[in-house]
Amino acid sequence: MDFVTLAGLLIAFSSVFLANWLGGGEVVLLLNLPSAIIVIFGSFGATLIQSSIQEAVRALILIKWSLFPPVYDLNSARASLNNLAHKARRLSLLALESDVDALGSHFSSRALQMAIDGTDPDQLSDRLHDDAVRIYDNRMKSVSFIESIGGYAPTLGIMGSVIGLIQAMANLDSPEALGHGIAVAFVSTLYGQGFANLVIFPITQKLTGYVEKELLYHQLLIDGICGIATGKHPYRLELELNAYE
């Protein structure tokens with residue numbers, strides 16, 4: 001689990017509640033379920049209108065990376081590729097049949113199996129690069145879906161405040177109730193801004209970093225496996241792969 005994300009969310013929200021408390025505000029006024037509903041569910045619904053249920057499902061699956069990030073260990077991958085290169089040079093490419101899953105990912109297993117099956121190196125490189133770019137594009141579509149939720153949230157917050165003000169105006173004959181209603185109404189605006197800028201946008205930035213790291217990892221695998229397929233000397237291959245950081 002990425003405790004940095006949890007710590008960041010805790011600090012961000014604590015700062016809001018602390019500032020409200022130091023200013024003499026009541027904490028209970030910041031807790032409003034209707035405001036949360038219109039901001040969170042309204043933003044998600046608006047984003048769903050412009051997308052599809054498949055994109056929404058992929059985005060919800062990807063968002064878990066913010067708490068449980070994938071691990072792309074470039075150093076470990078370089079070491080494994082170097083070992084495979086030495087084995088292939090010492091024995092043969094077919095000797096790597098038992099090492100198809102050595103790199104621990106579906107992408108690498110498929111790439112290595114294609115190399116062992118004798119796929120033309122140029123064709124192998126092109127197909128793997130196309131696959132890597134396709135995976136990257138699909139991931140970024142999911143990130144864009146999540147980012148769109150943050151784009152709609154402030155507007156939905158304002159809409160929630162308008163609804164709250166309409167309800168508050170019904171209490172014109174009771175100044176105390178009117179003042180309380182107006183105070184609660186503006187909570188929706190706070191929720192919209194907070195949900196977008198303290199949750200959604202930081203998470204999308206983190207997810208973008210992970211997606212780019214995945215693309216770099218796939219490029220490392222492609223260069224390594226294609227180098228093995230062409231019979232490149234292991235030491236030369238190692239020097240080339242060291243460029244990946």
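Between them, domain 1 and domain 2 bury about 1,100 Å², of which 71% is on carbon and sulfur atoms; buried area here is the accessible area, taken with a 1.4 Å probe, that two parts lose on being put together, summed over both. The size of an interface is often given in this way, as the accessible area lost when the parts come together. Domain 1 covers residues 1–31 and domain 2 covers residues 32–242, with bounds that come from an automatic or database domain assignment. The model is predicted, so that local features need pLDDT of at least 70 and side-chain atom pairs count only at pLDDT 80 or more, while totals for chains, interfaces and linings use all residues. Residues are numbered from 1 along each chain as its sequence is written, and side-chain values use heavy atoms, with hydrogens and water left out.

The C-alpha centres of the two domains lie 27 Å apart, and 12 residues of domain 1 are in contact with 15 residues of domain 2, contact meaning heavy atoms within 4.5 Å. Six residue pairs are in polar contact between the domains, both residues being at pLDDT 80 or more; a polar contact is a pair of N or O atoms within 3.5 Å, where within protein one must be able to donate a hydrogen and the other to accept it, and residues adjacent in sequence count only if both atoms are side-chain atoms.

Across this interface the rule finds one salt bridge, defined as a side-chain nitrogen of Lys or Arg within 4 Å of a carboxyl oxygen of Asp or Glu. Lys206 forms a salt bridge with Asp2, their closest N and O atoms being 2.8 Å apart. Because Lys206 lies in helix H8 and Asp2 in the segment before helix H1 (3–22), the pair ties together parts that are 204 residues apart in sequence; helices are DSSP runs of H or I with at least four residues, numbered from the N terminus. Asp2 is buried at a relative accessible area of 11%, whereas Lys206, at 26%, counts as partly exposed (buried means under 20%, exposed over 50%, and partly exposed in between, with a 1.4 Å probe and protein chains only).

Which residues have the most contacts inside the largest nonpolar core? They are Leu81, Leu128, Leu207 and Ile228, in a core of 48 residues, such a core being a set of buried Ala, Val, Leu, Ile, Met, Phe, Trp, Tyr and Cys residues joined through side-chain atoms within 4.5 Å. Helices H3 (53–62), H4, H5, H6 (121–169), H8 (187–229) and H9 (234–241) each supply at least two residues of this core, and the largest share, 16 residues, comes from H8. Leaving out residues up to four places away in sequence, Ile228 touches Leu81, Leu84, Ala85, Ala88, Leu93, Leu96 and Leu237.

Asp99 lies in the loop between helix H4 (74–90) and helix H5 (106–116) and is buried, with a relative accessible area of 17%. Beyond its neighbours within four places in sequence, Asp99 is in contact with Leu84, Lys87 and Leu112.

The count of salt bridges comes to seven. Glu240 forms one with Lys232, at 2.9 Å between the closest N and O atoms, and another with Arg236, at 3.3 Å from N to O. Because they are four residues apart in helix H9, Arg236 and Glu240 are separated by about one helical turn. Arg236 is exposed at 52% relative accessible area, while Glu240 is partly exposed at 34%. Elsewhere, Arg110, Asp131 and Arg134 are linked in a network of salt bridges.
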